Amino acid sequence: MKKLEIKSVSKKFGTVNALLDVSLVLMPGELFFLLGPSGCGKTTLLRIIAGLETPDTGSVLLDDNNITALPSEKRTMGMVFQNYALWPHMTVFENIAYGLKRRKTNTKELHTRVGDILDKTGLSSLSNRKPTTLSGGQQQRVALSRALVYNPEIVLFDEPLSNLDAQLRGELRAQIRELHAALGITMVYVTHDQEEVHALAQRAALMMNGTILQVDTPPMLFSKPNSNRAAQFFGRRNIFTVSITEVSQTITTVLLGSCKLTLAHKENASALNSTITLLIPEEKIILTESKSHETNCFEGTIISLEISSQTKVIGIQIHNIVLYALCLNSASYHMSQALFVEIPCESVWIIPDE
């Protein structure tokens with residue numbers, strides 16, 4: 001297992017700054033994600049780690065050894081591409097064995113390694129087939145096997161599941177998770193898909209405009225974003241700039257629209273009459289038909305319903321603001337229904353100033 005470190009890496013393409021002074025430390029054996037919208041720099045950073053691009057400034061270190069100038073073929077890294085990149089004229093076995101042949105692995109060891117990885121990825125029965133006869137999911141498993149067969153120190157994934165349907169994505173996520181647990185090697189995974197981050201990542205870096213906004217575990221990224229931009233990337237809707245109206249040793253009170261909202265005391269919410277930005281998580285809001293508490297319980301009316309296969313997002317008008325609440329699809333609510341909204345004070349997150 002190897003520790004991977006990115007130190008002050010910048011990269012420019014023409015007049016476009018793809019990366020701006022990016023630094024990261026990935027711990028040995030970590031399953032780490034680079035997350036962000038298209039054009040944020042995540043694939044450029046992955047290609048620099050792989051040795052397929054050279055940074056303008058900065059360095060890449062593997063266990064404190066500087067590999068910035070090391071050619072990609074000399075880095076002990078496997079890469080799984082979005083488009084599979086399989087040789088159409090070769091069989092599954094030959095595609096997986098290709099890297100070993102280039103490394104002049106002896107025949108006995110080559111057959112042992114390929115056979116072992118075919119078993120682990122469930123491809124043994126397809127070893128003599130050509131890629132064009134395989135499904136998209138099977139082709140991606142071949143690409144994954146090819147990256148793993150020579151025991152790389154790090155495996156890099158460039159949005160490997162984006163071309164697959166939902167069921168296959170779920171199956172391959174499970175396989176990647178199992179292989180990571182079994183092999184214990186460092187993996188770096190690029191995606192724009194938040195669901196993949198929640199399903200697989202131990203930690204993730206949220207990237208935007210060539211910079212890193214936040215590095216944290218998926219639950220922390222989602223529930224405690226460190227900026228308004230991060231909160232909006234995760235689709236958070238209940239973001240409000242509010243004025244502090246009361247401060248004591250135990251609570252902070254703010255004016256949310258025309259409603260008084262009480263928060264658990266926060267050290268960074270201590271200046272009376274100052275403004276702060278709040279995130280009220282949709283999934284933490286409690287909906288009731290009668291008033292359950294005197295504090296943080298407000299009457300409102302449903303003005304919107306967004307229904308998916310498992311959940312509903314309900315928009316509730318409360319005086320001059322709209323709050324969104326998340327609940328199970330089985331919950332029975334209808335347009336124009338009057339109800340009460342309870343906001344647990346400990347669930348409200350104060351977004352730090354950028």
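Predicted model: local features only at pLDDT ≥ 70, side-chain atom pairs only at ≥ 80, totals over all residues.
**Cysteines**
- Searching the whole structure turns up 0 disulfides.
- C259, accordingly, is in no disulfide, and the nearest cysteine sulfur to its own is that of C297, 11 Å away.
- C259 counts as buried because its relative accessibility is 5%, below the 20% cut-off for that class.
- C297 also counts as buried, because its relative accessibility is 4%.

**The largest pocket**
- If you are looking for open space, the largest pocket has a volume of about 670 Å³.
- Its lining is made up of 19 residues, and those closest to the pocket centre are M77, M79, F81, R103 and Y150.
- Strand β6 (77–80) and helices α2 (92–102) and α4 each contribute at least two residues to this lining.
- Sorted by class, the lining of the largest pocket holds 11 nonpolar, 3 polar and 5 charged residues.

**The second largest pocket**
- The second largest pocket has a volume of about 230 Å³.
- Its lining consists of F222, F234, G235, R236, R237, E282, E283, T311, V313 and L326.
- By class, that lining splits into 4 nonpolar, 2 polar and 4 charged residues.

**The cavity**
- The structure has 1 cavity of 30 Å³ or more.
- The volume of the largest cavity is about 40 Å³.
- Around the largest cavity sit V80, Q140, L144, F157, P160, L161, L172 and I176.
- The lining of the largest cavity has 7 nonpolar residues, 1 polar residue and no charged ones.

**T186 and its surroundings**
- T186 belongs to strand β8, which covers residues 186–191.
- T186 is buried, because its relative accessible area is 0%.
- A polar atom of the T186 side chain lies 2.9 Å from the backbone oxygen of K2.
- K2 is also among the residues in contact with T186 once neighbours within four places in sequence are set aside; the others are M27, P28, G29, E30, E153, I154 and V155.

Technical notes: Residues numbered from 1 in each chain as written. Heavy atoms only, no water. Disulfide = S-S within 2.5 Å. Buried < 20%, exposed > 50% of the residue type's maximum accessible area, 1.4 Å probe, protein only. 1 Å grid on protein atoms, 1.4 Å probe; cavity = no way out; pocket = protein on both sides within 12 Å on 5 of 7 lines; lining within 4 Å. Points joined across faces, edges and corners; volume = space filled by probe spheres on them. Nonpolar A, V, L, I, M, F, W, Y, C, P; charged D, E, K, R; others polar. Helix = DSSP H or I, 4+ residues; strand = E, 2+ residues; numbered from the N terminus. Polar contact = N/O pair within 3.5 Å; in protein donor to acceptor, adjacent residues only side chain to side chain. Contact = heavy atoms within 4.5 Å.
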